[in-house]
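Student: Hello! I have a protein model open and would like to learn how to read it. Could we go through it one feature at a time?

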Amino acid sequence: MNDVKLAVIYYSSTGTNHQMAKWAAEAGKEAGAEVKFLKIKETAPQEAINENEDWKKHVEATQDVQTAAVDDLEWADAIIFSAPTRYGSLPSQVQSYFDMTGGLWFQGKLVNKVVSGMTSAQNPHGGQESTLLALYKTMFHWGAIAVPPAYTDEVMFAAGGNPYGVSADAGKDNLNQEIHKAIKHQTKRTLELAGYIKNGLNK
Ligand SMILES: Cc1cc2nc3c(=O)[nH]c(=O)nc-3n(C[C@H](O)[C@H](O)[C@H](O)COP(=O)(O)O)c2cc1C
């Protein structure tokens, strides 16, 4: 697992997915991976951001986080995405980022990337699974290999039992130890599979 490069790429308006991504990045480092922690560029107009105090604060607090470029996808062996639901689908910010990957996709450079997704929603059944399915749909077109955590460890049950990827209720205060443990597990599993792909298939 030591030679695996992990990009943790997130979008967050109010901090939930930022914290989830941070836990994934920490778990990746603990597992010995080389880790990039990257935010997806904010594209909403400043007026919209200013209307929501939490959003405004979060944008200001994360100004120093490096912005994800498409080249970061080429660099990575494994990619963990974290993004909130927007009506059961992905935020437009994430979709815009994906819309810039055509060149890499066309050259086959996203094939065999090992990917996994996490999400959050306001409501316990607010579209978590469909958001992750929306994410994985793009991954399938890339030729990436999606690694869902499923029920591969008992920590998944305590974290709500979403087999598609760890999902949390919106709000940093809702990110409890169960979610943290499940993110650690999802990250470790993703890196393990990425190690097999990198060292088994590509060498
Ligand atoms: C335009 C919009 C649509 C949303 N749609 C839903 C929804 O359908 N169901 C739900 O439970 N939460 C919905 N939410 C709530 C977000 O998912 C929630 O704010 C997010 O998970 C918080 O993550 P963050 O702190 O990382 O931004 C929506 C939020 C926005 C702004």
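This is a predicted model: local features need pLDDT of at least 70, side-chain atom pairs count only at pLDDT 80 or more; totals for chains, interfaces and linings use all residues.

Student: Into which class does Ala150 fall, then: buried, partly exposed or exposed?

Tutor: Ala150 has 23% relative accessibility, so it counts as partly exposed. You can find Ala150 in the loop between strand 5 (145-146) and helix 8 (155-158). Its backbone deserves a look too: Ala150 is not a glycine, yet its phi is positive, about 45°.

Student: Which phi value does Asn112 have?

Tutor: Phi of Asn112 is near 70°, again a positive value in a residue other than glycine. Asn112 sits in the loop between helix 6 (102-106) and strand 4 (114-121). With 25% relative accessibility, Asn112 counts as partly exposed, because that figure lies between the two cut-offs.

Student: Let me try a helix now. Where is Ala24, and is it buried or exposed?

Tutor: Ala24 belongs to helix 1 (residues 16-30). Its relative accessibility is 0%, so Ala24 counts as buried.

Student: Which residues is Ala24 in contact with, if I skip its neighbours within four places in sequence?

Tutor: Here a contact means heavy atoms within 4.5 Å. By that test, Ala24 is in contact with Leu6, Val8, Ile80, Met118, Ile183 and Thr187.

Student: How should I read the aromatic rings?

Tutor: Look at the distance between ring centres and at the angle between the planes: rings pair if their centres lie within 6.5 Å, and planes under 30 degrees apart count as stacked.

Student: How many aromatic pairs are there by this rule?

Tutor: The count comes to 6 aromatic pairs. One of them, Tyr10 with Phe37, is stacked, at 5.3 Å centre to centre and 20° between the planes. This pair links distant parts of the chain, as Tyr10 is in strand 1 (residues 5-10) and Phe37 is in strand 2 (residues 34-39), 27 residues apart. Tyr10, at 2% relative accessibility, counts as buried, whereas Phe37, at 22%, counts as partly exposed.

Student: Why is the pair of Tyr97 and Phe98 called tilted?

Tutor: The ring centres of Tyr97 and Phe98 are 6.2 Å apart and their planes are at 40°, so the pair is tilted. Both Tyr97 and Phe98 are buried. Ring pairs also join Phe81, Tyr97, Phe98 and Trp142 into a cluster.

Student: Which charged end sits over the ring of Trp75?

Tutor: That is the charged end of Lys36, which sits over the Trp75 ring, 4.5 Å from its centre.

Student: Now the ligand. How many residues surround it?

Tutor: There are 16 residues around the ligand, and the closest are Ser12, Thr14, Thr16, Asn17 and Ser120. A polar backbone atom of Ser13 is 2.8 Å from an oxygen atom of the ligand. Asn17 places a polar side-chain atom 2.8 Å from a ligand oxygen, and a polar backbone atom of Thr85 is 2.9 Å from an oxygen atom of the ligand.

Student: Where in the chain is Thr14?

Tutor: Thr14 lies in the loop between strand 1 and helix 1. At 37% relative accessibility, Thr14 counts as partly exposed. Beyond its neighbours within four places in sequence, Thr14 is in contact with Asn52, Asp54, Trp55 and His58.

Student: Finally, what does UniProt list for residues 6-191?

Tutor: In an unreviewed entry, UniProt lists residues 6-191 as "domain: Flavodoxin-like". In this model, that span is 44% helix and 17% strand, and its end C-alpha atoms lie 8 Å apart.

Technical notes. Residues are numbered from 1 along each chain as its sequence is written. Side-chain values use heavy atoms; hydrogens and water are left out. Helices (H or I, at least four residues) and strands (E, at least two) are DSSP runs, numbered from the N terminus. Buried means under 20% relative accessible area, exposed over 50%, partly exposed in between (1.4 Å probe, protein chains only). Rings of Phe, Tyr and Trp (its six-membered ring) pair if their centres lie within 6.5 Å; planes under 30 degrees apart count as stacked, over 60 as edge-to-face and the rest as tilted. A charge sits over a ring if NZ of Lys or CZ of Arg is within 6 Å of the ring centre and within 35 degrees of the ring normal. UniProt positions are given in the numbering used here, feature names are shortened, and annotations may be inferred rather than shown by experiment. A residue is near a molecule or strand if one of its heavy atoms lies within 4 Å of it. A polar contact is a pair of N or O atoms within 3.5 Å; within protein, one must be able to donate a hydrogen and the other to accept it, and residues adjacent in sequence count only if both atoms are side-chain atoms.
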